Structures are given as structure tokens and as C-alpha cells.
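Hi everyone, thanks for coming. Let me put the sequence and the structure up on the screen, and then I'll walk you through a few places in it.

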Amino acid sequence: MNPQPLQHITVLLHEAVDALLGGAVSAANGTYVDGTFGRGGHSRLILSRLSPQGRLIAFDKDPLAIAEAGRIEDARFSIRHEGFRHMGELPAASVDGILMDLGVSSPQIDQADRGFSFRFEGPLDMRMDTTRGMSVAQWLAEAEVQQITDVIRDYGEERMAYPIAKAIVAHREAHGPLQTTTELSNLVGKIVKSRDGQNPATRTFQALRIFINAELLELEEALQASLRVLKPGGRLAVISFHSLEDRIVKQFIADHSKEVFDRRAPFAAPKPMHLKALERIKPSKAEVEANPRSRSAVMRVAERTEVPV
């Protein structure tokens, strides 16, 4: 029997909304983007802080998130059933703040038929958007050893990626393709030893989820889009849950928070920076104790400068 799903607890709820609105009196009249609606924790708090003139545009690929968003009856709110990379389609310099809460929500993890967790028996799916695209099971049924190795190594930082990939293909040839989370978890558990209490399959599941949803590519595209759609003085706040995401966010902010000199024209004026790095925030001890899934979270905040891209 599948355990009762855990209620989703929004991570860095007040810290994220405070950072997004920036404390300015006029912020309540602005237009904001919630790049990952999830179960709406951040969106609802943002709406509570906006004036009648304020607007909130949310994005999410998960059909269940879209259904939850449909419960919000507020003319200031709109939801788009697509990934946050599509925020680049918004008009240039039209947004006062962008929030991206990356990762997987508790309801997604705890719902067995989504296939995100090795803790529950379920189909090996892992798609954020179950209405389109290829599932993990479908991809593993066709992928070659080297392709699987690259994904597990690059997105899971799993040093046993090659033996795991070989075992997946060997299982496919002998018994047919892997179909369930338990089959994959058991297979990986025969190859990888537990690390500090972490399930041996943790990194493999993370890697396959990131790959099948193109999460890092989407993050990179969304960050680049943020430069175009943010108004001068607009805020960018991104909550990451593992090092691969945070590294991309950290590097993006760093790259755009410095003046760039053209070495071919040493006497020319430098290209000015596009962002100003503001702060890095971790959950408090009290939040981690109340919600252990928040322990790996880190939020980076930056502000759009006056200079157009």
C-alpha cells in the first residue's frame, strides 16, 4: 500500500517573497513571475502582498499543479501549462521580479505513480509533464550503454555510472526493459554501496529525472530569458536543491555581475554588468527541523541593473 503522501511545505517561503518584492513601496503594484507554481505556496503569498494593480504570472509543467492553480480565483493571477523557459516570450522589461523554486515537490515525490522515488513501487516515469514526452522507462528501453553512462555520471555525479549502465542494458537483453522504480532501485543497489545512510539509487534517480525533464537546459534558458524580461531594479530569486543547479545559478549571476573588457580593444569602455548579486540565503535551523527536505536548499538573489542587454 502506498503511504499517505506528505503535505508539501514551501521552502524559504517568506524569505523568497521578501527578496522578490525587495521591500519597495511600489513593489506591490508590479508584475511578477513564479516560474514553478508547484502547489502554490509562493504564489499565494505573493498575491497577498500585491495591490489591486499587481499581477502574477505562473508557470508549471505538472498537470496536477495546473489543477491546483485553477483553485485560485483572482483576476491578478494567470497560469501557463509550460516550463519556465517560456517566460522569455513575455514582453521585454515587463517584469518586476522572477522566482524559480527548482526541484521536485513533496506530492510529486510521494505519489507512487509518478515514479520519482525509489521508496515506492511505481512505473518508471519521472516526467514533470505526464501529458507529453518520453518516460525514463521508454528511454532506458532504447538507450545505449554509453548514453546511460553519460547521463548518470554527468547529472548524478555517480562514479559507478558505467557499471550501472551495463547492468541496465544486460537486464534489458536478458529479461526485457526495466519497468518499475523497484526494479531500477534493486539493480543499482547490487552495484552501489550505501553512502552515509543515503539510498544507493539516489544519484541514479536524480540523474534520470534531470535528464528526462531537461532540467538544467531549461534552467539555463530561463536564466538567460530573465535578463530580457526583468525591468531595471527587478529581482531574480532562485532556490536550488542540489549542487548542479546551484552551480549554474551562481555562475550565471557571477558572469553578469561584472564589467567585461574586450581584450581586442584594451582602451574601449568595458561592457557594463547586467546584474548585481545581493545575497545567498539558507533555511534556518528551525525550518530544517520542521521540514528536513529543506536542508539542501540555497536561494541566490540578484537585481537587474539599469543597463539593457
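Predicted model: local features only at pLDDT ≥ 70, side-chain atom pairs only at ≥ 80, totals over all residues.

Let's start with helix H1, residues 13-21, and helix H2, residues 41-49. Their axes come within 10 Å and cross at roughly 50°. The crossing of H1 past H2 is right-handed. On the H1 side, the contact is made by Leu13, His14, Ala16, Val17, Asp18, Leu20 and Leu21, and H2 brings Gly41, His42, Leu45, Ile46 and Arg49. If you sort that contact by class, you get 7 nonpolar, 3 polar and 2 charged residues.

Now, two of those H2 residues, Gly41 and His42, turn up again in the UniProt record. Its "binding site" annotation, from an unreviewed entry, also covers Gly40, Asp60, Phe84, Asp101 and Gln108. Let me pick out two of them. Glycine 40 sits in the loop between strand E1, 31-34, and H2. Is glycine 40 buried or exposed? Its relative accessible area is 0%, so it is buried.

The other one is aspartate 101, in strand E4, residues 95-101. With a relative accessible area of 15%, aspartate 101 is buried too, because the cut-off for buried is under 20%. And what does aspartate 101 touch, beyond its neighbours within four places in sequence? The contacts are Thr36, His42, Ile239 and Phe241.

From H10 we have Glu215, Leu216, Leu219, Glu220, Leu223, Gln224, Ser226 and Leu227, meeting Leu244, Glu245, Ile248, Val249 and Phe252 of H11. The classes here are 8 nonpolar, 2 polar and 3 charged residues.

Last stop: isoleucine 152, in helix H6, residues 145-156. Isoleucine 152 is buried, at 0% relative accessible area. Leaving out residues up to four places away in sequence, it touches Glu157, Glu158, Ala161, Ile164, Ile168, Thr204 and Ala207. That's my tour, and I'm happy to take questions.

How values were computed:
Residues numbered from 1 in each chain as written. Heavy atoms only, no water. Axes fitted to C-alpha atoms, helices over the stretch in contact; angles between N-to-C directions. Helix = DSSP H or I, 4+ residues; strand = E, 2+ residues; numbered from the N terminus. Left-handed = near helix turned anticlockwise from the far one by under 90°. Contact = heavy atoms within 4.5 Å. Nonpolar A, V, L, I, M, F, W, Y, C, P; charged D, E, K, R; others polar. UniProt positions renumbered as here; feature names shortened; annotations may be inferred. Buried < 20%, exposed > 50% of the residue type's maximum accessible area, 1.4 Å probe, protein only.
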